[in-house]
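This explanation leads a new reader through one protein structure.

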Amino acid sequence: MNNITIAIDGFSSTGKSTVAKQLAKHLGYVYVDTGAMYRAVTYYAMRQGLISKLDFNKEALIYQLPNIEIRFKFNETLGFAEVYLNGENIEKKIRTLEVSSYVSKVAAISQVRLKLVEQQQKLGQNKGVVMDGRDIGTVVFPDAELKLFMTASAEKRAKRRYAELLERGDQVEYEDVLKNVQERDYLDSNRKDSPLMKAKDAIEIDNSNLTLDEQFKKLYKLAVMTIEDYE
C-alpha cells in the first residue's frame, strides 16, 4: 500500500488535532501537530518575558530562535506524541488560554514560520504522515495527496474549547474563550506570511453538527479512497 501525505488545515478549535491523531493511528501514519510547535515557541517567549499584553519583543525572539529545540516523543500510555521544548515536556503547559491568546502573534513572524516549516517538511518527507495546522496544504505540503479544511461556527468552537478547558481544571469564562477564538480567526486569516486559507484542491469539512465519531468516519473514508487512488 502506498503512503500519502494528509494535510489538515482550518480554524482554531475545529478538532483538527483530534481527528488527525485518529487518522494517523488507524492508518499507521506519523502524526505531527504543527500548532503545538507554534505554541512551544510562544511558551518560550512567555517564559523569557518577551511577550505580554503590553509588549512583544519580536527582535529578541528572532535572535533567540537558534536556542529553541522542539521535539515530539511518543507516550505509549497516552497513545500520542507529547511536545518537548529544550528537553522539557511542555504538553500541558502549552494548552492554556494564555498561550492561545499570544500564539497567533508569534506565528505571524516570518522567521518563526521559516524555522518551523523547514522542520515540518523534514518530518513529512517520507510521506505516511498526517499533519494539521494553518498552512499545511498551501505552504508546507502544497502537493499533498489529500487536503482537508476544517471549519465550524465561532460559537460552536468556543463552546468546545470552553468545555475542554473546564475539564482540565482551568478557571475561564465562556465570553473570554469566544473572544479568543474570534481574535485568532482574524489574526490567522489576515497575517501577511502564510495566512490561513483553504487550498484550491482542499475538501472543506464543516463539523458544526458532526459528532467526533461521525467526523472521523467521514475523513477516514476520504483517506482510504485517496490511498486506493494512488495504488
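A charge is said to sit over a ring if NZ of Lys or CZ of Arg is within 6 Å of the ring centre and within 35 degrees of the ring normal. By that rule, the charged end of Lys73 sits over the ring of Tyr84, at 4.5 Å from its centre. The structure is a predicted model, in which local features need pLDDT of at least 70 and side-chain atom pairs count only at pLDDT 80 or more, whereas totals for chains, interfaces and linings use all residues. Residues are numbered from 1 along each chain as its sequence is written, and side-chain values use heavy atoms, with hydrogens and water left out.

Aromatic rings also meet one another. A pair of aromatic rings is described by the distance of the centres and the angle of the planes. Rings of Phe, Tyr and Trp (its six-membered ring) pair if their centres lie within 6.5 Å; planes under 30 degrees apart count as stacked, over 60 as edge-to-face and the rest as tilted. The count comes to three aromatic pairs. One of them joins Phe11 and Phe149 edge-to-face, with 5.9 Å centre to centre and 80° between the planes. This pair links distant parts of the chain, 138 residues apart: Phe11 belongs to the loop between strand S1 (5-10) and H1, and Phe149 to strand S7 (residues 146-151). Helices (H or I, at least four residues) and strands (E, at least two) are DSSP runs, numbered from the N terminus. Both Phe11 and Phe149 are buried, where buried means under 20% relative accessible area, exposed over 50% and partly exposed in between (1.4 Å probe, protein chains only).

Tyr162 and Tyr174 form another pair, which is edge-to-face because the ring centres are 5.9 Å apart and the planes stand at 75°. Since Tyr162 lies in helix H7 (residues 154-168) and Tyr174 in helix H8, the pair ties together parts that are twelve residues apart in sequence. Tyr162 is partly exposed, with a relative accessible area of 24%.

The next subject is empty space. Rolling a probe the size of a water molecule over the atoms shows where empty space is left. On a 1 Å grid over the protein atoms alone, a cavity is a set of points where a 1.4 Å probe fits but cannot get out, and a pocket is an open set with protein on both sides within 12 Å along at least five of seven lines; lining residues have an atom within 4 Å of a point. Grid points are joined across faces, edges and corners, and a volume is the space filled by probe spheres set on the points.

The largest pocket holds about 1500 Å³ of space. It is lined by 50 residues, and the closest to its centre are Ser17, Thr18, Lys21, Asp33 and Arg95. Helix H1 (residues 16-27) provides the largest share of this lining, seven residues. By class, the lining of the largest pocket has 14 nonpolar, 15 polar and 21 charged residues; Ala, Val, Leu, Ile, Met, Phe, Trp, Tyr, Cys and Pro count as nonpolar, Asp, Glu, Lys and Arg as charged, and the others, Gly among them, as polar.

The second largest pocket has about 360 Å³ of space. Its lining includes Lys53, Tyr102, Asn180 and Leu187. Helix H4 (97-107) and helix H8 (174-190) are the elements that give two or more residues to this lining, and H8 gives the most, with six. Three of the lining residues are nonpolar, two polar and seven charged.

Which residues line the largest cavity? They are Lys21, Tyr31, Asp33, Phe72, Phe80, Ala81, Val83, Glu91 and Arg95. The volume of this cavity is about 40 Å³. Strand S2 (30-33) and strand S4 (80-85) each supply at least two lining residues, and S4 has the largest share, three residues.

Asn180, in helix H8, is buried at a relative accessible area of 8%, and its side chain reaches the backbone oxygen of Ser100 at 3.4 Å. Lys147, in strand S7, is buried with a relative accessible area of 6%. A polar atom of the Lys147 side chain lies 3.1 Å from the backbone oxygen of Gly137, and the backbone oxygen of Pro142 lies 2.5 Å from a polar atom of that side chain.

Note on methods
A polar contact is a pair of N or O atoms within 3.5 Å; within protein, one must be able to donate a hydrogen and the other to accept it, and residues adjacent in sequence count only if both atoms are side-chain atoms.
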